[in-house]
Amino acid sequence: MFGAGAMTNSIPEIRGTDLMFVIGSNTTEAHPIIAMEMKRAVRRGATLIVADPRAIWLTTIADDHMQIKPGTDVWLLNAMAHVIINEDLTDKKFVAEHTEGFEAVRDAVQDYTPEEAEKMCGVSAELIRRTARSYATTRKAGIYYTLGITEHSHGTDNVYALANLVLLTGHLGGPSMGLNPLRGQNNVQGANDAGASPIYYPGYQRVDDTESQAKFEKLWKRDLSPDPGLNLNEMMKAAGDQIRAFFVMGEDILLSEPNVLALEERMNRVEFVVLQDIFPNETLRYADVVFPAGNFAEKEGVFVNSERRMQRVRKAVNPPGEARADWEILLELGRRASAKRNLDPSVWS
């Protein structure tokens, strides 16, 4: 089985769905346009199931609220997979033709009975079974999640568990169904597409693939490492030891990362921190250099939203003071670093 990194359906398709399983997303507050489509679907008669530790607005119109204990998502999702497999609700044809590793998943979820899951996550075994059956037997069923699933120490496992539900039931490749991560920050989809990832070149071409490496070495006229870099969780754990310097741009790691007390202790051992942002934040306490950046209304550009729709942004006003657009700051840094190392600065033109 595998995980997913982008919405498998468009936003307007939400209004045509017959069942929505929303987990780890306060959609009405964080994604109001998408929430509007969910409301339309509910008014049309679609089933809405919300899994969230809190009672949020969306739970007021939901058919069921699975009020899980924080951090027990894998137990809930694997228990649903347990029901789907053991009650023979899998899409056998889809599993056979489009997936691999089914036997491993089947064996792994056998211990995740709804009764044991109830003890762990606080959701009744009856509700887990009812939700699993409804999801598996509704053709136009979509899963919607965001940072409440991914920003955990076990966030990757959460996404794998969700992807397994989609693949077990064949809810992929058709309208108004699938796995839909609602992106948590502006243009994070575009950043990933463009290669802002430790394991991918632009277009999701892996850095440890020799053909991709050769192609980008030729294009960029530089030798490139075949070794994947550290992801964000790994970087935070390596701060102060393996990583001695940070360039933080558009992120407040001292606010958004888990186990902040341990991170603060590690940041005290980091030798050099550059912060590039539009406002002061918690990470500023550790910054040696601050680059004032321009916000969205102070620069030209293109943002890519959750469904990969390109959105042109035009500058409304100039950045104040010495602030510049992010790309201008990075370009100037590249030029000066090239000059310092006697490299050809034309590569940054």
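Buried means under 20% relative accessible area, exposed means over 50%, and partly exposed lies in between (1.4 Å probe, protein chains only). By that rule, five of the five residues of strand β4 (141-145) are buried. Helices (H or I, at least four residues) and strands (E, at least two) are DSSP runs, numbered from the N terminus.

This is a predicted model: local features need pLDDT of at least 70, side-chain atom pairs count only at pLDDT 80 or more, and totals for chains, interfaces and linings use all residues. Residues are numbered from 1 along each chain as its sequence is written, and side-chain values use heavy atoms, leaving out hydrogens and water.

**Strand β4 and its partners**
- Two strands pair if DSSP finds at least two bridges between them.
- Strand β1 (residues 19-23) runs parallel to β4, joined by five bridges.
- Phenylalanine 21 stands opposite isoleucine 143 of β4.
- β5 also runs parallel to β4, with four bridges between them.
- Tyrosine 144 has asparagine 180 in β5 as its bridge partner.
- In a regular strand, side chains alternate between the two faces of the sheet.
- Both faces of β4 are covered: Ala141, Ile143 and Tyr145 are buried on one side, Gly142 and Tyr144 on the other.

**Serine 176**
- Serine 176 sits in the loop between α9 (155-169) and β5 (178-181).
- Its relative accessible area is 6%, so serine 176 counts as buried.
- Contact means heavy atoms within 4.5 Å.
- Leaving aside residues up to four places away in sequence, serine 176 touches Asn9, Glu13, Gly16, Thr17, Lys140, Ala141 and Gly142.
- A polar atom of the serine 176 side chain lies 2.7 Å from the backbone oxygen of glutamate 13.

**Hairpin β11-β12**
- Strands β11 (residues 301-304) and β12 (residues 310-313) run antiparallel and are joined by four bridges.
- Glycine 301 pairs with valine 313 of β12 as its bridge partner.
- Five residues separate the two strands of this hairpin, and arginine 308 in the turn has a positive phi of about 65 degrees.

**Nonpolar surface patch**
- Patches are made of residues with over 30% relative accessible area and no salt bridge; nonpolar side chains (Val, Leu, Ile, Met, Phe, Trp, Tyr) are joined within 5 Å, like charges within 9 Å.
- A salt bridge is a side-chain nitrogen of Lys or Arg within 4 Å of a carboxyl oxygen of Asp or Glu.
- Phe247, Met249, Leu330 and Leu333 form a nonpolar patch, with about 320 Å² of accessible area together.
- β8 (245-249) and α15 (326-340) each supply at least two of the patch residues.
- Leucine 333 belongs to helix α15 and is partly exposed, at 32% relative accessible area.

Note on methods: Areas by Shrake-Rupley, 256 points an atom, 1.4 Å probe, with all protein chains shown as cover. Polar contact = N/O pair within 3.5 Å; in protein donor to acceptor, adjacent residues only side chain to side chain.
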